[in-house]
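The sequence and structure follow.

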Amino acid sequence: MAPRWLYKGAQVSSRLRSQSTIADVAATVSGIINEVRAGGDKALNSFCEKFDRVPHRRLAETDVEAALGKCTKQELEDIRYAQANIRRFAEHQRKSMLDVEVETQPGVILGHKHIPIKRVGCYVPGGKFPMIASAHMSILTAKVAGCDHVIGCTAPLPGGEPGRIPHTTVAAMHLAGADGIYLMGGAQAIAAMAYGTETIAPVDLIVGPGNAFVAEAKKQVFGQVGIDLLAGPTETLLLCDDSVDAEICAADLLGQAEHGYNSPAILVTTSEQLASATIAQIEKELTMIPTADTAGKSWADYGEVIVVKDDAEMLEVAEDIASEHVQIMHRDWKFFKENMRNYGALFCGVETNVAYGDKVIGTNHTLPTQTAGRYTGGLWVGKFIKTHTYQHITKEASVEIGDYCSRLCGYENFAGHKEQADVRLRKWKPGYDTKYYEGTANQTLLSRPDAK
């Protein structure tokens with residue numbers, strides 16, 4: 001049988017899974033970026049005052065000390081625990097990235113080096129749901145990678161007195177090792193980090209999640225700087241047999257749906273009983289949870305419950321969805337771990353869940369959305385590192401390689417390229433007669449004329 005939908009949100013059928021669930025904000029963002037690029041701090045502060053009610057500023061040591069002082073002992077202990085886990089895994093990842101140098105044939109030495117990016121800008125979302133964990137995922141991971149200078153930015157707290165510092169977020173940024181912390185948010189912050197202003201030096205790479213405007217800004221500055229990936233609204237996918245109950249499924253779906261009003265949450269199961277029970281449990285939970293306004297809207301518009309005939313069909317459906325988060329609550333979760341190829345991150349077994357990955361367990365929470373898991377993974381220590389190749393060879397090897405290179409360049413009509421080989425062959429290969437190709441078919445060889 002084909003997959004059957006027992007529940008389909010109102011907006012599910014109106015978009016491809018690769019399409020964003022947010023409105024097009026490209027024109028608005030383009031205007032912000034162009035103004036900040038041309039106007040520097042003055043333009044940046046104009047937008048910061050408009051959206052965040054205060055101009056941007058770099059936090060002083062006294063600001064950071066005050067933020068740390070406002071944190072409770074438990075808050076600081078929890079942040080340090082999470083960062084220790086994330087640092088430990090990132091260090092293992094870094095150790096797995098080995099430089100290579102090998103003699104591929106006599107006299108030919110080829111290699112590559114892993115080189116940390118010099119300057120990195122990390123965006124840490126604020127607002128209604130300040131994502132403290134994004135400080136660990138970006139700043140800390142960049143420092144483990146060995147990046148020279150890592151700055152972070154986050155918006156001031158909304159409401160209340162303008163310019164209030166989100167103390168737990170700033171504490172996390174500081175403890176992660178930030179070399180500079182800026183109080184600013186939105187597309188204007190991305191523009192400032194990408195192009196620089198009178199008070200902000202431009203960076204080489206920008207990472208971190210954000211709202212629609214931040215994601216679009218990262219897209220538009222790509223090329224001027226590198227970016228980690230284009231992260232859209234959070235997505236979650238549950239792959240379940242009848243070994244898990246509806247209470248857990250409902251909690252795990254709504255736990256990610258609460259991110260915003262447009263977060264897809266999908267259950268795929270071989271159990272119709274679990275499917276029906278989960279739909280009922282979600283309706284019950286939405287009468288109780290404090291974030292029902294956001295989670296309920298996401299579920300109403302982008303929720304799905306799909307029943308499949310067997311594990312093979314479940315795998316096929318999951319590969320097509322290519323979700324950011326994939327929870328596998330199934331007796332044979334290892335089957336999916338071994339065979340799935342399109343996803344952001346896997347959470348294997350009922351014992352773990354997406355929230356563990358989002359906040360504390362050690363893997364990174366900045367992951368591909370909108371089916372981008374088909375061609376990229378998420379943020380990790382390797383995103384902060386460039387891999388560059390090098391070569392050196394002996395004269396004897398140069399003669400052998402040069403013979404082939406000369407002819408191959410001639411086939412392509414690249415006389416200048418060919419001469420790079422020929423000039424060496426004339427010096428190091430006795431009796432070498434430089435040949436030049438003429439004609440569009442490269443079929444006529446001529447000897448090099450004697451220099452006058």
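Asp241 is buried at 5% relative accessible area, where buried means under 20%, exposed over 50% and partly exposed in between (1.4 Å probe, protein chains only). The model is predicted, so local features need pLDDT of at least 70 and side-chain atom pairs pLDDT 80 or more, while totals for chains, interfaces and linings use all residues. Residues are numbered from 1 along each chain as its sequence is written, and side-chain values use heavy atoms, with hydrogens and water left out.

Asp241 pairs with Arg331 in a salt bridge, that is, a side-chain nitrogen of Lys or Arg within 4 Å of a carboxyl oxygen of Asp or Glu. Asp241 sits in the loop between strand E10 (236-240) and H8, and Arg331 in the loop between strand E13 (325-329) and helix H12 (333-339), so the bridge ties together parts 90 residues apart in sequence. Helices (H or I, at least four residues) and strands (E, at least two) are DSSP runs, numbered from the N terminus. Arg331 is exposed, at 60%. A network of salt bridges links Asp241, Asp242 and Arg331.

The structure holds 11 salt bridges, among them these:

| Asp241 | Arg331 | 3.4 Å |

Glu272 is partly exposed at 41% relative accessibility, as is Arg4 at 31%.

Ser263 lies in the loop between helix H8 (246-257) and strand E11 (265-269). Ser263 is buried, with a relative accessible area of 1%. Beyond its neighbours within four places in sequence, Ser263 has contacts (heavy atoms within 4.5 Å) with residues including Pro233, Gln256 and Tyr302.
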